[in-house]
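Opening the notebook on a new model today. I want to go through the metal sites, the sheets, the cores and the domains, in that order.

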Amino acid sequence: MVRPAPTVVFTPPPTPNGALHVGHVGGPYLRADLYVRLVRLLEDREIRHVSHVDTYQSYVAKKAVEVGAEPDALSREYTRRIRADFDAYALRHDAFGDNRDPDYLRFLREGVQALTDVVTVVEREVPRCEGCGRTQLEAYARSACTGCLHDAYLNVCENCSLPQQVDGALGLLCTQCRTAAGGTTTARFLSFDARAVAAVEDTMRHRHGASRRASALFDRLGPHLALWQFESPYGIAVDDSGLVLNPWVEIFFHHTWCLLQECGVDTRLPFSEAVAELNRRDPDVIYFFGVDNTYYYVFLFTALAQALVIRPMVPSRVKINHFMHLRGAKISSSRGNVVWADELVGTAPVEVLRTRLARSCPEYAPRELADDGPRLSPARPVGVAPAGAGPRELDVVRARLADLVAVDAFSVERLVDVLDKGRERARAVGGDDADAIDGYLAHVCRELQLA
Ligand SMILES: [Zn+2]
Ligand SMILES: [Zn+2]
């Protein structure tokens, strides 16, 4: 019997050029983890949290040069540390993809071939640093964003989400040599015309929860080029061109590969047959990610899914979070304004750490890391969740939690508020009613791994 299609929640694969900091943990990862746990607690349906590691990013090569390491060894070491960080914060994945798997790499090559049959790929001359030989794209170069003047790598601006175009970059500098490029080389780009951009906007307009960032992106995004393949000493090559693939295109295909597995599709099938089978299963896909990934998850992935007619890879909903701040500024390891995830491990029980980060979750705007606040659950011991009728306050708590299971309504802020208000009310009413409320809240907190 074919199992019913699950809801699959994807979170962005961390780049293995560093460990996780509290902004990563308290952003998409904790938010998605709490959502999946809540759905599992309250509803009898299959929901899965899936991710992997962003193995093929140029940032890995950049970091390797900076620390004098070999990129592949660096990637494997940070992959190990990232997974340890996930474990330390009880961020549970139901599946964790392996994008080095030879079967997947076969699927990737077939998918890339299928895509080139249906999209326009153009070649462009691009700057190349004569000092280090790096193509001045991705992590190898920075310039002022032509959309907002923010200092941006040559991919997508993290401040306004606009893709950076190779022509007319402002003050382009090699990130390794810190000099302007002297030479040129060739790179390949996907060309999206006005019609393709409009089709994605039309699809995603009501799926991003009125995100100001996504709306602003579509207000300004016109016909543009998105990197397809470029010359790099590190990355994933999918043909004999000698060029590596834009790592975000690889991420799209690895998400798709993971989705096939979650739906029980035979991944040995040829690409087109596997996709047809996935379309028949019709799983629900939700993406949780940070604003800096808005272009990729909202525009690029949808455009690729539409071009390849992989219908489930057009998400039913995206949940976009902002950046966590420390001392009033964005977390930045290069500026030393950072708290690494593993620095807090052991300073308090995991439930307390998760609660602190839940209170800091920057869902709607940048938000400061909260001080170590009060615990949510009652201090006195409580029994198991009461069955049957309880005080009317308990009905309110249950109803509010049930509302949050709808992904549109889900918010960590509201979840924490339900727990806070329930606890306060229990203190006010006292007696058996308080025991009933506290007992239920303790049960919820146990399942959600909150304090
Ligand atoms: Zn250079
Ligand atoms: Zn910008």
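Below are my entries, one topic at a time.

**Ground rules**

I am working with a predicted model, where local features need pLDDT of at least 70, side-chain atom pairs count only at pLDDT 80 or more, and totals for chains, interfaces and linings use all residues. Residues are numbered from 1 along each chain as its sequence is written, chains are lettered from A and ligands numbered from 1 in the order in which they are written, and side-chain values use heavy atoms, with hydrogens and water left out.

**Zinc, ligand 1**

I started with the zinc ion (ligand 1) and looked up its donors (N, O and S atoms within 2.8 Å of the metal, or 3.2 Å for Na, K and Ca; water is not among the atoms, so sites may look incomplete). I found Cys-129, Cys-132, Cys-174 and Cys-177, each through SG, at 2.2 to 2.3 Å. What ties together parts that are 42 residues apart in sequence? It is the pair of Cys-132, in the loop between β4 (121-128) and β5 (138-144), and Cys-174, in strand β7 (residues 170-174). For strands and helices I use DSSP runs numbered from the N terminus (E, at least two residues, for strands; H or I, at least four, for helices).

I then checked the angles among the four donor atoms of ligand 1: they come to 102 to 116 degrees, and the site is tetrahedral. My cut-off for four donors to count as tetrahedral is that all angles lie between 85 and 135 degrees. For reference, the ideal angle for four tetrahedral donors is 109.5 degrees. I also noted that Cys-132 and Cys-174 are both buried (under 20% relative accessible area; exposed is over 50%, partly exposed in between, with a 1.4 Å probe and protein chains only).

**Zinc, ligand 2**

Next I turned to the zinc ion (ligand 2), where the protein donors are the SG atoms of Cys-145, Cys-148, Cys-157 and Cys-160, lying 2.3 Å from it. The spacing here reads C-x2-C-x8-C-x2-C. Cys-148 sits in the loop between β5 and β6 (151-154) and Cys-160 in the loop between β6 and β7, so this pair ties together parts that are twelve residues apart in sequence.

I followed β5 into β6 and found antiparallel pairing over four bridges; two strands pair if DSSP finds at least two bridges between them. Glu-138 has Leu-154 as its bridge partner in β6. The hairpin has six residues between the strands, and Leu-149 takes a positive phi near 75 degrees there.

I logged Ser-161 too, with phi near 70 degrees, a positive value in a residue other than glycine. Ser-161 lies in the loop between β6 and β7 and is buried, at 0% relative accessible area. Arg-327, in the loop between β13 and β14, has phi near 50 degrees and is exposed at 65%.

**Sheets**

I traced an open sheet of five strands in the order β3-β2-β1-β11-β12, with parallel pairing. Its edge strands are β3 (95-96) and β12 (317-321). β1 (residues 7-10) and β2 (residues 47-51) share four bridges, with Thr-7 partnered by Ile-47.

Another open sheet has three strands, β14-β13-β15, with mixed pairing. Two bridges join β13 (residues 324-326) to β15 in parallel, and Met-324 is partnered by Arg-367.

**Cores and domains**

I looked up nonpolar cores (buried Ala, Val, Leu, Ile, Met, Phe, Trp, Tyr and Cys residues joined through side-chain atoms within 4.5 Å). The largest has 67 residues, and Phe-253, Tyr-295, Phe-299 and Leu-300 have the most contacts inside it. Helix α9 (residues 294-308) gives the largest share, eleven residues. A second, separate core of 58 residues includes Leu-394 and Val-412.

Counting contacts (heavy atoms within 4.5 Å) and leaving aside neighbours within four places in sequence, I find Tyr-295 touching, among others, Val-156, Ser-161 and Phe-192.

Last entry: the chain divides into domain 1 (7-330) and domain 2 (376-448), with bounds from an automatic or database domain assignment. Their C-alpha centres lie 38 Å apart, and the contact takes 14 residues from domain 1 and 15 residues from domain 2.

Terms used: Tetrahedral: all angles 85-135°; square planar, octahedral: opposite > 155°, others 65-115°.
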